[in-house]
Amino acid sequence: MRRRAALRLLAGGSLGALALARAPVAAALAPPRYKDAAAPIPVRVADLMARMTLAEKIAQIRAAWAAKGAMIDGLAFDPAKASAAFPDGIGHVTRPSDKRGVPGITGAAGGTAARWRTPEQTVDFINALQRWAVEDIRLGIPVLLHEESLHGYMATEATMFPQAIALAGTFDTDLMRRVQSVIAREVRARGVPLVLSPVVDIVRDPRWGRIEECWGEDPFLCAEMGVAAVEGLQGAGKFERLGPDKVFATLKHMTGHGQPESGNNIGPAPIAERELRENFFPPFREVVRRTSVGAVMPSYNEIDGVPSHANTWLLGDVLRGEWGFDGLIVSDYGGVHELATLHHLAADEAEAARLALEAGVDSELPEGQAFATLADSVAAGRVPMALIDRACARILTFKFRAGLFENPYGDKAKARAITGNAEARALALEAARKSLCLLTNKGGALPLDRRRMGRVAVIGPNHAIARLGGYSSVPKQAVSLIDGLRALAPEADFVTAQGVFITTSEDRSADLVELAPRDRNLALIAEAVEVARGADRIILAIGDTEQTSREGFAANHLGDRTDIDIVGEQNELVDALAALGKPLIVCAINGRPPSWPNVVQKADAILECWYAGQEGGTAIAEALLGDINPGAKLPVSVVRNAGQIPLFYNRKPSARRGYLFDDAAPLFPFGHGLSYTRFEISAPRLSATRIAPDGVVEVAVEVKNIGDRAGDEVVQLYITRTGASVTQPILELKGFRRVTLAPGASERLTFTLGPRELAIWDAAMRERVEPGRIEVGAGASSAELRRAAFTIG
């Protein structure tokens, strides 16, 4: 009985169960149960660990990225070099698709295909690596590999979907599942079982360059998108073993990452426990509760003086304790050694490794440089062997769950057949269509009528380039706006001009970012005005580049900004074109929210496109020409200027009293998005006006298309509480549904509000449903609601 209990505990890597793994020589001499695919995973882990040396265990919790250079000859894997460099094996290899380790190749955050292996080269490398690990290394333990997949597999020829913030704006969880399923199969076909996505941080600071990587400011939206993403990547529900064509997901970054001090990446997050539990924790907790998510990544930042990679309360008490997470905790790149070099919490890398292990970090990415000190620390008695065993047990458990001991290899033919294929491309187009958000449309300026639009000037720094955003590679094809327009309307009279350049370089991996020369841009503006002067209307594509909004991962590689308006001479381009008095249509192609008050004032229509993915040019052209009807919503509140930051819709009642000489309201509210048709959303109808604390209310809402064309509407359900023991937000999103309706059609939607939606953290920091009045609001945005009410108690 005790043996069975210990085996159950070992699956989660607990210290108590590791007595089995240290069972001495008899276990080491026993038949290799770890190679028996039919044996329970805890039995296999215990058997294997009993056979391992300290050096082999430490090798399992380390990784290699630049160190790939010690295992390759050119691009090819070299078993002899690998055996010399890694005699005890290697636990984890970082991004096998990139060329890190090849002379002259450093980072691979984007740029040209020169930084990546081809799909065939990637599979060849992985398969040779795994054959070496399984056949040449003493115990034959396969290698864990991971890749990035924020909005598509970040590898050559893989499908690039709309950026994360754009996918969030679809408010479509079914689409999210399908997108992530395609990503999973493209990754898994090359032999990789783990991806470092999704990002479920709520984000509250548009100065932060990583805002594009997130799903917005609302914990409920981030949670629902997070669950859908994980289900798409690795399969729904709870399970032990990963299925075919699936990969394990990694939730990141836990937590507080999306509201850093001063908007600076990795800055301290001065967030109280209540704020964590009410807003930052829910997306992580909900994914852990509803799925078998494989891994969690701590955030770089500190909370209340404790960096997340050393936070035993965060990773141990909350994540593994309260929520019962039993997967792998992988460090963010450099997050362990930065406990010493950045945070100065640890005296050196050896102490950093100890702190991270104690907190529960199981695998140090990308190189394992701090964990390289562990053998000496164990010998000196500074690190208990139990911590090494705990982390190693979790790594091995993960590998067994991923099926690596049975088949660690990629499939070159399958990768070639499915990567970026017609089905994936069609889904990328569908996702791009659904991610477009119509912000303004004065006088029905959109859609354009092919028969009457006349000559159209297509201008701007983003009109002839397919911007993909951060964590992108080079897909098989990518469609720019002008390409899309010309393909859809070959008979139309389109004339073009650059207008301005934003930056001097398009290399998103470059450390230095320089704005384009002003004198050159002023000359280009003059040229654009002359082109537009002879046109009947203007389409202006402006916004960001992958350099002006990105992850600032080092002091010499910045990505955050103090100015959140469009940069360079873009506003001057807007002014010059608006002065012509012609209809001005703006396509916002950007990673940051469009805090562009000058553009809003002067444009006749603004279509928020975000980074719409490889098929974005086609989708944007379809929306401009009326072939599709935009239906996305904003997953963030859009501030007027940096002085309003932080601004979010679910504020407390005492917030945002007002400012001298300025408006306290957002430029655009959370959930905002227009359509080419009109919808009517009814007031919510409740199944009861009073319920017990453990009761539920069914909420019925009817939505009707009262316009003259088909379109999508996102019905949003919010609640407002009064009389609680602690202050509550003025609004909280608790449901949403995207529907497609023909003219005159209607649909009745039903939402459920129960204890999970109605519980709060009370004054004693207990989660419970309190008596009180609940207002329910339904509408098309957080600023456009019709209401009903019920009482709890």
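This is a chat about a few residues in a predicted model.

Colleague: What should I know about the model before we start?
Modeller: The model is predicted, with local features needing pLDDT of at least 70 and side-chain atom pairs counting only at pLDDT 80 or more, while totals for chains, interfaces and linings use all residues. Residues are numbered from 1 along each chain as its sequence is written, and side-chain values use heavy atoms, with hydrogens and water left out.

Colleague: Where is R190?
Modeller: R190 lies in the loop between α9 (173-189) and β6 (194-195). Helices (H or I, at least four residues) and strands (E, at least two) are DSSP runs, numbered from the N terminus.

Colleague: Which side chain of opposite charge is nearest to R190?
Modeller: That is E157, 6.0 Å away. R190 is buried but has no salt bridge. Buried means under 20% relative accessible area, exposed over 50%, partly exposed in between (1.4 Å probe, protein chains only). A salt bridge needs a side-chain nitrogen of Lys or Arg within 4 Å of a carboxyl oxygen of Asp or Glu.

Colleague: Changing topic, how many disulfides are there?
Modeller: The count is zero, a disulfide being a pair of cysteine sulfur atoms within 2.5 Å. For C222, the nearest cysteine sulfur is that of C214, 7.3 Å away.

Colleague: Is C222 buried or exposed?
Modeller: C222 counts as buried because its relative accessibility is 0%.

Colleague: And where is G735?
Modeller: G735 is in strand β23 (residues 732-741), and is buried at a relative accessible area of 5%.

Colleague: What does G735 touch?
Modeller: Leaving out residues up to four places away in sequence, G735 touches F220, V715, Q716, L717 and F751. Contact means heavy atoms within 4.5 Å.

Methods:
Lys, Arg positive; Asp, Glu negative; His and termini not counted.
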